[in-house]
Amino acid sequence: MRKNSVKNSRINGEVQRVLAEVIRGEIKDPRIAPMTSVVSVEVAPDLKTCRAYISVLGNADQAASTLEGLKSAEGFIRGRLAREINLRNTPEIHFIMDQSIAYGVDMSHKIDMVMADQRARKVEDEHEENPGGSQEQR
């Protein structure tokens with residue numbers, strides 16, 4: 001099976017769906033943050049390994065503890081995956097922290113700050129050009 005084949009894409013999507021369901025509803029580990037999402041999944045063409053990219057909305061300590069909790073629950077997750085998806089081999093799951101969502105939120109916040117600063121400067125410049133307070137009629 002090729003890496004970018006339709007079958008591999010379908011398997012990736014199905015594994016991602018099952019992982020998200022298991023992490024959201026079946027794992028009771030308190031170390032796993034409630035705002036944990038499975039961003040993407042890459043199953044190797046030989047179905048032996050799987051890289052699951054996980055994102056945690058929170059601070060670095062929550063992300064580290066969530067990753068630790070997921071690694072300790074890997075056997076349970078793999079068992080649920082084997083029951084849900086009928087594959088020749090159940091892949092060994094490697095959880096990888098993905099900060100793309102947090103990065104996007106941070107960049108959006110920075111853009112909002114720059115835009116607010118530009119609006120404030122524009123209002124300040126207009127006020128300096130017209131110190132009397134009267135505006136031209138349009």
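Strands here are DSSP runs of E, at least two residues long, numbered from the N terminus. The model in these views is predicted.

**View 1. Lysine 48 sits in the loop between β1 and β2.** Strand β1 covers 36–43, and strand β2 covers 49–56. Lysine 48 belongs to the loop that joins the two. Its relative accessibility is 45%, so lysine 48 counts as partly exposed. Lys48 also belongs to a patch of positive charge on the surface.

**View 2. Leucine 47 has a positive phi.** The angle is near 60°, in a residue other than glycine. Most residues other than glycine have a negative phi. Leucine 47 is placed in the loop between β1 and β2. Is leucine 47 buried or exposed? Leucine 47 counts as buried, because its relative accessibility is 4%. Lysine 48 lies in this loop too, but lysine 48 is partly exposed at 45%.

**View 3. Serine 55 is a buried residue of strand β2.** The relative accessibility of serine 55 is 4%. Which residues does serine 55 contact, leaving aside its neighbours within four places in sequence? They are Met35, Thr36, Ser37, Val39, Asp98 and Ile101.

**View 4. Arginine 51 and glutamate 42 form a salt bridge.** Their side chains meet at 3.3 Å, N to O. Side chains of opposite charge can pair when their charged atoms come close. Arginine 51 has a relative accessible area of 36%, so it is partly exposed. Glutamate 42 also counts as partly exposed, because its relative accessibility is 30%. The count for the model comes to nine salt bridges.

**View 5. Lysine 110 pairs with aspartate 106 in helix α4.** The closest N and O atoms of this salt bridge are 3.5 Å apart. Both residues lie in helix α4. They are four residues apart, about one turn of the helix. Lysine 110 is partly exposed, with a relative accessible area of 42%. For aspartate 106 the value is 35%, so this residue is partly exposed.

**View 6. Arginine 121 and aspartate 117 meet in a salt bridge.** The N to O distance is 3.5 Å. How many residues apart are arginine 121 and aspartate 117 in helix α4? They are four residues apart, so about one helical turn separates them. Arginine 121 is exposed, with a relative accessible area of 55%. Aspartate 117 is partly exposed, with a relative accessible area of 38%. Elsewhere, salt bridges that share partners join Glu14, Arg17 and Glu21 into one network.

**View 7. A patch of negative charge gathers on the surface.** Its members are Glu124, Asp125, Glu126, Glu128 and Glu129. Aspartate 125 lies in helix α4, which covers residues 100–129. What is the relative accessible area of aspartate 125? The value is 41%, so aspartate 125 is partly exposed. Patches are made of residues with over 30% relative accessible area and no salt bridge. Aspartate 125, at 41%, is therefore over that area cut-off.

Conventions
Residues are numbered from 1 along each chain as its sequence is written. This is a predicted model: local features need pLDDT of at least 70, side-chain atom pairs count only at pLDDT 80 or more; totals for chains, interfaces and linings use all residues. Side-chain values use heavy atoms; hydrogens and water are left out. Patches are made of residues with over 30% relative accessible area and no salt bridge: like charges are joined within 9 Å, nonpolar side chains (Val, Leu, Ile, Met, Phe, Trp, Tyr) within 5 Å. Accessible areas come from the Shrake-Rupley method with a 1.4 Å probe; for residues, only the protein chains shown count as cover. A salt bridge is a side-chain nitrogen of Lys or Arg within 4 Å of a carboxyl oxygen of Asp or Glu. Lys and Arg count as positive and Asp and Glu as negative; His and the chain ends are not counted. The place of a charge is taken as NZ of Lys, CZ of Arg, CG of Asp or CD of Glu. Buried means under 20% relative accessible area, exposed over 50%, partly exposed in between (1.4 Å probe, protein chains only). Contact means heavy atoms within 4.5 Å.
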